[in-house]
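Welcome! Here is a short tour for anyone meeting this structure for the first time.

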Amino acid sequence: MEEEKFRQELQTALSQKQEWYNSECLQEMLSQYRLLHTCVHNLYENFVKKSLIVPDPYRLDKKISSIVVPDSTPFAESDIPNIFGERFSDYETMLDYICTYFRFSTESFTLQNVKKLLDFNKVFEWDDLSMNNAKMNTRALAITVNGAKNGAPNVVQSMINDSVAKSAQASKTIEKMLTELGVFQRELYKGGLRKDLFEHPDFDKAKAAESAEGELSEIKRLYSKVTGKKNFYNDLVNEIIEEDHGPDKERKQAAVLEKLAIKNAAKTAAKKKTGPDTKEMLMQTVLALGATAPTLIQLHTKLTDNFDVLYTRKANFWNKFMALLRKAFNLKEKERICQLPVKDAKTGVERVQKLNVSDFLSDLAKKERIYNGIAAKGNEYQKIESVQEDMILSFVNKQISELQSKFVIINSLDAYFKKEVQNELKAHVKGMQIELSALRNSIINANKKRSDYVSYKEESEQMQKLGISNNA
């Protein structure tokens, strides 16, 4: 009876802890990753701008489908621009993948993935950024950061210092969460074996109860049949045996349940009873908008380059003469206006939109600054959080609508460049489908969070009108 009681308590504790991870802890981890990505991206852009690293021309074309840890082997300081540049680029790209494509649920955080993410977290030691650090990756980062600050304006130095400090804090928080999550996943694996194997009709419970050897034999006999190709962890299986047959099994069982206890259980229970914090739901939508900043920056860079290619004039006598005249009389360049064919996604009808290139790029840069501030939980985020929910919702509605509009225009521009650029210059046109796909996913994510908020609010208001409590 005591064994059955432990198994029931164990499965209940695992279920509650898993729900807590999915609804609370992993969402906070995602916020920390987004903050880290924003800071790293800002540093990367600064390093490239000051020519401290050589950017990888193929970095945006790399197809990433799983977590890959950048190389950490030693290299010479003379190779910092190339080798460190590539590794830091891979680090930033992997953060983008984690924030955009990786699913933050306990199913995705397998023991293998937790280990990979812990290794990824150690690629750079943000809290020990010293030019004497024994690890070359961190030493190279410290040298590059120092080079970026050298001679830079105070505002740039402040941005770099802030990015480094926030990266250190985010990295530390993520590591603590991952370490605790690793412990939970070990218990989840053990609990899964108890549930899937021990409750299987072919499992000989009497034999397993007789001795440690008998239980181990039964586990091994049915393991492949029940779990398929799932990894067999000897150390975890041995822990199960110790918990069932060890001399101090009661203490070990109690220790397992203690590990699974939710530390802020009272707070979590109160939150569950009163329902979700609607303002927090809305601010998660705002953070989802902030997550688009790195993608918009990448698109902005490619758009600027592509417009330069589009408006490149042939080097004939007349064009050279006109350029000299403009320079001599300090005349402005002719305003760049693009007659852009845009197809309506719903009706399929194509219309021509007059696009002022400078205004469009300027508006895009403004959005990047705002979203960067949101992602870093800076002044922009604080201002939004300080106002009423209806004002926040209006902001969210406006931003999602404008992002959708920008997506349509940039998608149309991608096709326009390929068609309108001179044949001899087409090879210089940069494709934008990877970034557009990332932007589309980010918009969908933000839209879903907004819809969840609106649905919950409408349901709550309807129940109040009917005199029914949300927690009934």
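Which residues of the largest nonpolar core touch the most other members? They are Tyr33, Phe84, Phe88, Tyr91, Phe109 and Trp126, in a core of 58 residues. This is a predicted model, in which local features need pLDDT of at least 70 and side-chain atom pairs count only at pLDDT 80 or more, while totals for chains, interfaces and linings use all residues. Residues are numbered from 1 along each chain as its sequence is written, and side-chain values use heavy atoms, leaving out hydrogens and water.

**The nonpolar cores**

- A nonpolar core is a set of buried Ala, Val, Leu, Ile, Met, Phe, Trp, Tyr and Cys residues joined through side-chain atoms within 4.5 Å; buried means under 20% relative accessible area (1.4 Å probe, protein chains only).
- Another core, of 48 residues, lies apart from it and includes Leu340, Val342, Val357 and Leu436.
- Leaving aside residues up to four places away in sequence, Tyr33 touches Leu95, Ile98, Cys99, Phe104, Leu117, Ile174 and Leu178 (contact means heavy atoms within 4.5 Å).

**Helices α16 and α17**

- The axes of α16 (residues 389–420) and α17 (residues 433–465) come within 10 Å and cross at roughly 155°; axes are lines fitted to C-alpha atoms over the stretch in contact, with angles from 0 to 180 degrees between N-to-C directions.
- The two helices, α16 and α17, are therefore roughly antiparallel (over 145 degrees).
- Their contact divides into 12 nonpolar, 5 polar and 5 charged residues; Ala, Val, Leu, Ile, Met, Phe, Trp, Tyr, Cys and Pro count as nonpolar, Asp, Glu, Lys and Arg as charged, and the others, Gly among them, as polar.

**Helices α5 and α8**

- The axes of α5 (residues 154–196) and α8 (residues 234–245) come within 10 Å and cross at roughly 65°.
- That makes α5 roughly perpendicular to α8 (65 to 115 degrees).
- The contact of α5 with α8 has 5 nonpolar, no polar and 8 charged residues.
- Lys195, which lies in α5, is exposed, with a relative accessible area of 52% (exposed means over 50%).

Terms used
Helix = DSSP H or I, 4+ residues; strand = E, 2+ residues; numbered from the N terminus. Parallel < 35°, antiparallel > 145°, perpendicular 65-115°, else oblique.
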